[in-house]
Amino acid sequence: MIQLLFLVLVAEAAVAAVLLFKTPLRKLAVMGIDRLKRGRRAPVAVKTVAGVVLALLASTLYSMAEISGRAGGDPESGGGGGGGASLSPTDQVLFSRHLLEASLMGYSLFLALVIDRLHQYIRELRGLKKNVEAVIKHNKMLEEAKHGRSEETKKYQEEIGALNEDMKKLKLQVQEKTEEVHVAEDKALAIRKQSESLLLEYDRLLEDNQHLREQLQSIDHRLSSPK
């Protein structure tokens, strides 16, 4: 389960990185996401997968709460009988595993949302750029026709003024969308850094798990040995 979640997280981080930088791979990634969104069953499949992940996340969080409640409700689980309640080594391993799974699922859902937003911003920017180019071409045609008949000169000037205002508005919209893309890029980079820290944390948990297993084997050996 954890290995699968790591693969999904790494794949989503790779897609987000491809969308962040203007490379030939970005065009392929956008085309692929477009095809996924245009399919009839694609939205249903995406919602189903998201629902399953959310259900697994809720189940994992419930297991963590159950382990914590078990430690709080059993004061004698610490083994000494005198101090406060504490988790047994097995519960500590289970709690750490559930915590890692919940973190991976949460980051996967967040990265999926970031990829969706980046894809939408890229499409909107392309549409705005095409509109700006069309306005510029129309403006040039009007400026060339400006030297024509004197009766149509005022009309053309008014149209040019209106088009210039439209172009300013479009440029402002492009600037706003560009800033939003930059914000999304910063978030995606932060997620990538957190993913790297999660990989390190997973290695540390594996070492702790091995250490706890050795401790459990030592305790079992002591308990099974004759007094």
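This is a predicted model: local features need pLDDT of at least 70, side-chain atom pairs count only at pLDDT 80 or more; totals for chains, interfaces and linings use all residues.
User: Which secondary structure elements does the chain contain, and in what order do they run?

Analyst: The chain has 5 helices and 0 strands. Read from the N terminus, the order is α-α-α-α-α.

User: Which residues does UniProt list as "transmembrane region"?

Analyst: An unreviewed UniProt entry gives residues 6-23, 44-65 and 95-115 under that name. In the model, residues 44-65 are 100% helix and 0% strand, with 31 Å between the end C-alpha atoms. Residues 95-115 are likewise 100% helix and 0% strand, and their end C-alpha atoms lie 30 Å apart.

User: How is a pair of packed helices to be described?

Analyst: Two packed helices are characterised by the angle between their axes and by the distance between those axes. Here, helix H1 (residues 2-20) and helix H2 (residues 24-38) have axes that come within 8 Å and cross at roughly 120°. H1 is therefore oblique to H2. The crossing of H1 past H2 is left-handed.

User: Which residues make the contact between H1 and H2?

Analyst: H1 contributes Val18, Leu19 and Leu20, while H2 contributes Leu25, Arg26, Ala29, Val30 and Ile33.

User: What can be said of burial, surface and contacts for the chain as a whole?

Analyst: Of the 227 residues in the chain, 26% are buried. The accessible surface of the chain is about 15,800 Å², and carbon and sulfur atoms account for 59% of that area. Among contacts in the chain with a separation of 6 or more, 79% join residues 24 or more positions apart.

Technical notes: Residues are numbered from 1 along each chain as its sequence is written. Side-chain values use heavy atoms; hydrogens and water are left out. Helices (H or I, at least four residues) and strands (E, at least two) are DSSP runs, numbered from the N terminus. Buried means under 20% relative accessible area, exposed over 50%, partly exposed in between (1.4 Å probe, protein chains only). Contact means heavy atoms within 4.5 Å. Accessible areas come from the Shrake-Rupley method with a 1.4 Å probe; for residues, only the protein chains shown count as cover. UniProt positions are given in the numbering used here, feature names are shortened, and annotations may be inferred rather than shown by experiment. Axes are lines fitted to C-alpha atoms, for helices over the stretch in contact, and angles run from 0 to 180 degrees between N-to-C directions. Angles under 35 degrees count as roughly parallel, over 145 as roughly antiparallel, 65 to 115 as roughly perpendicular and the rest as oblique. A crossing is left-handed if the near helix is turned anticlockwise from the far one by less than a right angle, and right-handed if clockwise.
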